[in-house]
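Q: I am new to reading protein structures. Can we work through one together, feature by feature?
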Amino acid sequence: MTNAEPPAPRTVVPIEPSLLIAEAFTQAQVTELRHSVTSCAHAAGLAGQRLDDFVLAVNELITNAVRHGGGQGRLRLWHGAGELVCEVADHGHGISARRLSDRARPAPDTAGGWGLWLARELSDTMAVETGQAGTVVRITTALAARQVTHPSDG
């Protein structure tokens, strides 16, 4: 290529979601998995309170899967277009429609029932698919656009 030749046209390729974690877990792996989620979420751009909130929401979901979903579950974490997505699945007996529709904060002296409420409160979106074959909960959190500075920006 010489300086006289026009530059080749550039093709813009859409960014595909990037899978960060896909792992089955039991109670024994909960702590290690939480640390992996923290590391991946931080590397993807979450920091501070947003990072802490997302990791706590994920922790509630994996703990629920162990407690109510047959002692084990499956977690997938990926980086999509401007967001981090976590999906936790189990093979429990599902969540009742009444329980899913109850969006009220649990009473302070309630021993259980905080997991889904916290996950909903600490994430940007939450979707639940549930039935006799198990439950899949998907939460998202937006990633802040990274500021790109150029030396000429003064």
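Q: Is arginine 99 buried, partly exposed or exposed?
A: First, a caution: this is a predicted model. Now the general idea. Burial is judged by relative accessible area: under 20% is buried, over 50% is exposed, and partly exposed lies in between. Arginine 99 has 43% relative accessibility, so it counts as partly exposed.

Q: Where is arginine 99 found?
A: Arginine 99 sits in helix H3.

Q: How many helices and strands does the protein chain have?
A: Start with a count, then read the order. The chain has four helices and five strands. Along the sequence, the pattern runs β-α-α-β-β-α-α-β-β.

Q: What share of the 154 residues in the protein chain is buried?
A: Buried residues make up 34% of them.

Q: How far apart are the end C-alpha atoms of helix H2?
A: H2 covers residues 48-68, which is 21 residues. At 1.5 Å a residue, H2 should span 30 Å. Its end C-alpha atoms are 30 Å apart, so the two values agree.

Q: What about helices in general?
A: An α-helix has 3.6 residues a turn, so residues three or four places apart point the same way.

Q: Which glycine follows H2?
A: Glycine 70 follows H2, and its phi is positive, near 90°.

Q: How is empty space found in a structure?
A: A probe the size of a water molecule is rolled over the atoms, and this shows where empty space is left. Here, the largest pocket has a volume of about 610 Å³. It is lined by 30 residues, and the closest to its centre are Asn64, His68, Arg99, Gly113 and Leu116.

Q: Which elements give two or more residues to the lining of the largest pocket?
A: They are H2, strand E3 (83-90), H3 (97-101), helix H4 (115-122) and strand E5 (134-142). H2 gives the most, with seven residues. Next, sort the lining by class. There are twelve nonpolar, eleven polar and seven charged residues.

Q: Why is H4 described as largely enclosed by the rest of the structure?
A: Count its buried residues. Six of the eight residues of H4 are buried, so H4 is largely enclosed. The buried ones are Gly115, Leu116, Trp117, Leu118, Ala119 and Arg120. They pack against H2, H3, strand E4 (125-131) and E5.

Q: Is cysteine 86 buried or exposed?
A: Cysteine 86 has 0% relative accessibility, so it counts as buried. Cysteine 86 is found in strand E3. Among the residues that cysteine 86 touches are Phe54, Val58 and Val137. Cysteine 86 and valine 137 are 51 residues apart in sequence, yet 8.2 Å apart in space, C-alpha to C-alpha.

Q: Is glutamate 87 buried or exposed?
A: Glutamate 87 is at 14% relative accessibility, so it counts as buried. Glutamate 87 also lies in strand E3.

Q: What does the side chain of glutamate 87 make a polar contact with?
A: Look for a partner side chain. For glutamate 87, the partner is the side chain of arginine 138, at 2.5 Å. Glutamate 87 also touches other residues, including Arg74, Trp78 and Val136.

Definitions and conventions:
Residues numbered from 1 in each chain as written. Predicted model: local features only at pLDDT ≥ 70, side-chain atom pairs only at ≥ 80, totals over all residues. Heavy atoms only, no water. Expected span 1.5 Å × (residues − 1). 1 Å grid on protein atoms, 1.4 Å probe; cavity = no way out; pocket = protein on both sides within 12 Å on 5 of 7 lines; lining within 4 Å. Points joined across faces, edges and corners; volume = space filled by probe spheres on them. Nonpolar A, V, L, I, M, F, W, Y, C, P; charged D, E, K, R; others polar. Buried < 20%, exposed > 50% of the residue type's maximum accessible area, 1.4 Å probe, protein only. Polar contact = N/O pair within 3.5 Å; in protein donor to acceptor, adjacent residues only side chain to side chain. Contact = heavy atoms within 4.5 Å.
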